[in-house]
Amino acid sequence: MSMQIPDMIEYHDRRMRLSSHIPLPRNHERIRKVERTNPGGPLINSTACWRRYMALWKILDGKLYLTGFAGRYELTGEGPLFADWFCGEIRLTRLEAETYAHMRYITRIEREIILQVKNGKVGSVKGPRPV
């Protein structure tokens, strides 16, 4: 199975990869399914994206927001959508992983940041702050 395309999140003015899944709310009036033949292009419609969408998120002033989509959904209305439906842990990793080469072996290091979120509000943060 192909590695799946992750959602993206902006955190402290830095675009990062979400290593965990934030579910979308059912039947939300601002999230609409796109009725196109090929929404999102070839990457979103490949085996690397079984969900057929990539969500774009942002942490702003300690709150989690949905800011847009690529693929089968679109965000309607004005501005980002406060994700007050979400409670749980989200894991973020930098887009550019650090690599270390030693005697023909390459080690890939991804520094993970773990956010605890309750009703869309970030409660605690574990891990390094992005620089």
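Which residue in β12 is the bridge partner of Lys118? In β12, that partner is Lys121. The views below come from a predicted model, in which local features need pLDDT of at least 70, side-chain atom pairs count only at pLDDT 80 or more, and totals for chains, interfaces and linings use all residues. Residues are numbered from 1 along each chain as its sequence is written, and side-chain values use heavy atoms, with hydrogens and water left out.

View 1. Strand β11 (residues 112-118) pairs with strand β8 (residues 88-94) in the antiparallel sense over six bridges. Strands here are DSSP runs of E with at least two residues, numbered from the N terminus, and two strands pair if DSSP finds at least two bridges between them. Gly88 has Val117 of β11 as its bridge partner. Strand β12 (residues 121-126) runs antiparallel to β11 and is joined to β11 by five bridges. The hairpin of β11 and β12 has two residues between the strands, and Asn119 takes a positive phi near 50 degrees there.

**View 2. The salt bridge of Arg91 and Glu112.** The side chains of Arg91 and Glu112 meet in a salt bridge at 2.6 Å, N to O. Arg91 belongs to β8 and Glu112 to β11, so this pair ties together parts that are 21 residues apart in sequence. Salt bridges that share partners join Glu89, Arg91 and Glu112 into one network. A salt bridge is counted where a side-chain nitrogen of Lys or Arg lies within 4 Å of a carboxyl oxygen of Asp or Glu. Arg91 is partly exposed, at 27% relative accessible area, and Glu112 is partly exposed at 32% (buried is under 20% relative accessible area, exposed over 50%, partly exposed in between, with a 1.4 Å probe and protein chains only).

**View 3. The salt bridge of Lys58 and Glu10.** The structure holds five salt bridges. One of them joins the side chains of Lys58 and Glu10 at 3.6 Å, N to O. Because Lys58 lies in strand β4 (residues 53-60) and Glu10 in strand β1 (residues 8-11), the pair ties together parts that are 48 residues apart in sequence. Lys58 counts as partly exposed at 26% relative accessibility, and Glu10 counts as partly exposed at 30%.

**View 4. The salt bridge of Arg32 and Glu74.** Arg32 and Glu74 meet through their side chains in a salt bridge at 1.8 Å, N to O. This pair links distant parts of the chain, with Arg32 in strand β3 (residues 31-33) and Glu74 in strand β6 (residues 73-75), 42 residues apart. Arg32 is partly exposed, with a relative accessible area of 47%. Glu74 is also partly exposed, with a relative accessible area of 26%.

**View 5. The largest pocket.** The largest pocket has a volume of about 220 Å³. On a 1 Å grid over the protein atoms alone, a pocket is an open set of points where a 1.4 Å probe fits, with protein on both sides within 12 Å along at least five of seven lines; lining residues have an atom within 4 Å of a point. The volume is the space filled by probe spheres set on the points. Its lining has 16 residues, of which Gln4, Ile5, Pro6, Asp7 and Leu18 lie nearest the centre of the pocket.

**View 6. The second largest pocket.** The second largest pocket has a volume of about 180 Å³. Its lining is formed by His21, Leu24, Pro25, Arg26, Asn27, His28, Ile31, Tyr53 and Tyr73.

Note on methods:
Helix = DSSP H or I, 4+ residues; strand = E, 2+ residues; numbered from the N terminus.
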